[in-house]
Amino acid sequence: MTEPRHTLIVPIMQARMPVELQLEWPPGPEAVPLREPFAGDLYVSYALELPEGFGAQGYESQAFEYVTRRHCAELGMTPESLRTVAVANLRRLRPDLAINWYPDARAVSVGIGNDLEAGLLLDDSLIEKLAQDLDGDLVVAVPSREVLMATGTEHPDGLEKLRWAVGKVWPEGRDLLTRDLLVRRSGTWEVLR
């Protein structure tokens, strides 16, 4: 591997499990993956994205090694610096950001060509840009790791489009996150009620 390992750290959105799994031999504190709460039932983990080769479907697959305190110590980083590093890496590793507006609703989908789109919620500059283009508070749908859609609270057609997308993704999706829509108010994410 020619790149320094810290340049491979990316954010991974995950859903909380309804019941914490009990391990017969729990890992020590240095081996527990680092995670932080995000909003609702979502949290953020960080992982080293390692190329694995070609998967069963014929496209290049990725392997993730979740970042622990041990990794941070080895890399000379603090856990508090992970978010900044991971967001910068995500945008650097995925420079082909696609923003697609729906013709039938004031809503937009954001893509980076893999299964880490939901991690873009941590990219404040992108989120602020989306918020400027929409009326009201920014609302997003992240039903799975590979889906990020947005609209504004003052766009009823956009809110319906986001709900429609959640309904389409949820039954058949992989890496599912949440059926809830999230709203950003005063720089903080919360579940839209």
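1. A hairpin of 6 residues links β5 to β6. The two strands, β5 at residues 98–101 and β6 at residues 108–111, are antiparallel and share 4 bridges. Within this pair, Ala98 faces Gly111 of β6. Two strands count as paired if DSSP finds at least two bridges between them. Strands (E, at least two residues) and helices (H or I, at least four) are DSSP runs, numbered from the N terminus.

2. This is a predicted model, in which local features need pLDDT of at least 70 and side-chain atom pairs count only at pLDDT 80 or more, while totals for chains, interfaces and linings use all residues. Residues are numbered from 1 along each chain as its sequence is written, and side-chain values use heavy atoms, with hydrogens and water left out.

3. On confidence, pLDDT (the predictor's confidence in each residue, from 0 to 100) averages 87 for the protein, and 87% of the residues score at least 70. Over residues 54–59 pLDDT stays under 50, and the model has 5 contacts for them beyond four places in sequence. A contact here means heavy atoms within 4.5 Å. Where pLDDT is low, the predicted coordinates should not be read in detail.

4. Which residues of helix α3 (residues 124–132) are buried? They are Leu126, Ile127 and Leu130. These residues lie on the same side of α3 because they cover an arc of only 95 degrees around the axis, taken from the directions from the helix axis to the C-beta atoms. Ser125 and Gln132 are exposed, on the face turned away from the buried side of α3. Buried means under 20% relative accessible area, exposed over 50%, and partly exposed in between (1.4 Å probe, protein chains only).

5. The largest nonpolar core has 42 residues, of which Phe38, Leu121, Leu182 and Trp189 touch the most other members. A nonpolar core is a set of buried Ala, Val, Leu, Ile, Met, Phe, Trp, Tyr and Cys residues joined through side-chain atoms within 4.5 Å. Elements giving two or more residues to this core include β1 (9–15), α2 (82–93) and α3; β3 gives the most, with 6 residues. Beyond its neighbours within four places in sequence, Leu121 contacts residues including Met13, Phe38, Ile127 and Trp189. Apart from this core lies another, of 13 residues, among them Val147, Val169, Leu181 and Leu192.

6. Two backbone angles are worth a look. Asp175, in the loop between α4 and β9, has a positive phi near 50 degrees without being a glycine. Ser186, in the loop between β9 and β10, is not a glycine either and has a positive phi of about 50 degrees. Asp175 is partly exposed, with a relative accessible area of 30%, whereas Ser186 is exposed, at 81%.
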